[in-house]
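Please look through the model shown below before reading on. The numbered points that follow are meant to be read beside it.

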Amino acid sequence: MVSSLLLNPSPNWRTTVKGFAFRLFSSSRSPNPEQNSFTVSYLINSCGLSPQSALSASRKLHLVTPERPDSVLTLLRKYGVTDTQFPKILRPFPTLLLADPDKILLPKLEFFHSKEFTGADIGRILSSCPLILSRSLEKQIIPLYNFFKSILHLDKMVVHAFKRSPRVLLESVDKSLLPKITALREIGMPESSLRFFLRQFPNVLQLKHEKFHEIVKEVMELGFDPLQVAFINAIQVFVGMSKSTWEQKMEIYRRWGLSNDEIMLLFRTFPISMSLSEKNIMSTMDFLVNKMGWKVTKITRVPSCLCYSLERRIIPRCLVVKVLILKGLVKKDLGFVSVLKPAEKEFLEKFVIKYQNEIPELLNLYKGEVGVLELGFASEEMCGIKQL
């Protein structure tokens, strides 16, 4: 109950709160200008709020002395909150400064600390979801933590999930989380997939029930198998995408000659392909098709390659391979999968270290420390591939 968070300020405190989680003593009289001035000054100088944010917060919070808020800030710092994070916490939740540090805040902070949350983790979570400190430890935080651990098993996995989506800490286990997890189990999702889902995409559990079931139904109608991880990735894509954005992504792939059926096959093979930005899709496809000469149809059969960094992975590898082709050291029709798919260690062994006697500067080319011109190649020989 929110009433359990009722504070016990000393007689020199006067507070006025409108619509906030803590139920505080209120005054029938409006605070005088001096009190308001102190509150604004404290929020700016001690908490790092901008003048505009401090003025806005002062309409919900009025301080007389600094003792209580100072003790709150000191405790939060002790558990990992940085000064730069205070504005993010106090803009939406200024009445936190009136919480009893020992009775209200310490038990919750100590609970997080006992569950493998680092100070940095605590600061990150509270700056994203400060209202969790207004929730009951026994009725909200502990039950929700135990629910996640019952599926994820390891504390570090629960920590990972909460860091991915801190606001899930505000959700009700019985009313929000459990019904959604039960629905996924009923359609056949295995526990291993549920663990992946809860660890990587806990934000999906924050959807309203109607929206959640609508998306799950749509993903199933598209032919995704609940037994496969692609089913979960497809859900996440739809969660973050409007109908208009979906059509825009369809149009981007159409520009490269793909039919609607081919685009849907691409999506079913690798759902994340539809969440890539237009710039990412266009620049990567332009390089692979127009600079390297690889066919669109072959690229879309392995769409995960579209997620690779153009600057850090695709271009350096293609520069190396192009040089090897021009030197006659590898065949001209080398497939892009054999170039882009291998892990870095495997690529270096297969295409760089193997040929260092013939081309001593090959590793430096891969690292971007020398250019193709320094290796004696004319720019036209590289078919438009530019040095990073």
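1. This is a predicted model, in which local features need pLDDT of at least 70 and side-chain atom pairs count only at pLDDT 80 or more, whereas totals for chains, interfaces and linings use all residues. Residues are numbered from 1 along each chain as its sequence is written, and side-chain values use heavy atoms, with hydrogens and water left out.

2. Phenylalanine 148, once its neighbours within four places in sequence are set aside, is in contact (heavy atoms within 4.5 Å) with His153, Val158, Ala161, Phe162, Val168, Leu177, Leu198, Pro202 and Leu205. Phe148 is also one of the three residues, with Leu96 and Phe162, that touch the most other members of the largest nonpolar core, which has 126 residues. A nonpolar core here is a set of buried Ala, Val, Leu, Ile, Met, Phe, Trp, Tyr and Cys residues joined through side-chain atoms within 4.5 Å, and the largest share of this one, 10 residues, comes from helix α17 (residues 310–326).

3. The chain as a whole has 20 helices and 0 strands; both are DSSP runs numbered from the N terminus, helices being H or I with at least four residues and strands E with at least two. Of the 388 residues in the protein chain, 48% are buried, where buried means under 20% relative accessible area, exposed means over 50%, and partly exposed lies in between (1.4 Å probe, protein chains only). Among contacts with a separation of 6 or more, 69% are between residues 24 or more positions apart.

4. Helix α14 (residues 260–269) has Ile263, Met264, Leu266 and Phe267 as its buried residues. Why can these four be said to share one side of α14? They do so because they cover an arc of only 155 degrees around the axis, the arc being that of the directions from the helix axis to the C-beta atoms. On the other side of α14, Asp261 and Leu265 are exposed, while the cover over the buried residues includes α12 (229–239), α13 (243–254) and α16 (296–301).

5. Valine 81, in the loop between α3 (67–78) and α4 (86–90), is buried, with a relative accessible area of 4%. Leaving aside its neighbours within four places in sequence, valine 81 is in contact with Leu76, Phe86, Ile89, Gly123 and Leu126. The C-alpha atoms of valine 81 and glycine 119 are separated by 7.0 Å, although these two residues are 38 residues apart along the chain.

6. Which residues other than glycine have a positive phi? One of them is glutamate 116, with phi near 75 degrees, in the loop between α5 (101–114) and α6 (119–128). Another is histidine 153, with phi of about 75 degrees, in the loop between α7 (137–152) and α8 (155–164); histidine 153 is partly exposed, with a relative accessible area of 47%.

7. Side chains of opposite charge can pair when their charged atoms come close. A salt bridge, counted when a side-chain nitrogen of Lys or Arg is within 4 Å of a carboxyl oxygen of Asp or Glu, occurs 10 times by this rule. In one of them, glutamate 191 meets arginine 185 at 2.9 Å, N to O; glutamate 191 is partly exposed at 34% relative accessibility, and arginine 185 is partly exposed at 37%.

8. Lysine 211 and glutamate 214 form another salt bridge, with their closest N and O atoms 3.9 Å apart. Because they are 3 residues apart in helix α11 (residues 209–221), lysine 211 and glutamate 214 are separated by about one helical turn. An α-helix has 3.6 residues a turn, so residues three or four places apart point the same way.

9. Glutamate 247 forms a salt bridge with arginine 254, the closest N and O atoms being 2.8 Å apart. Glutamate 247 is partly exposed at 38% relative accessibility, as is arginine 254 at 25%, and a network of salt bridges links Glu247, Glu251 and Arg254.
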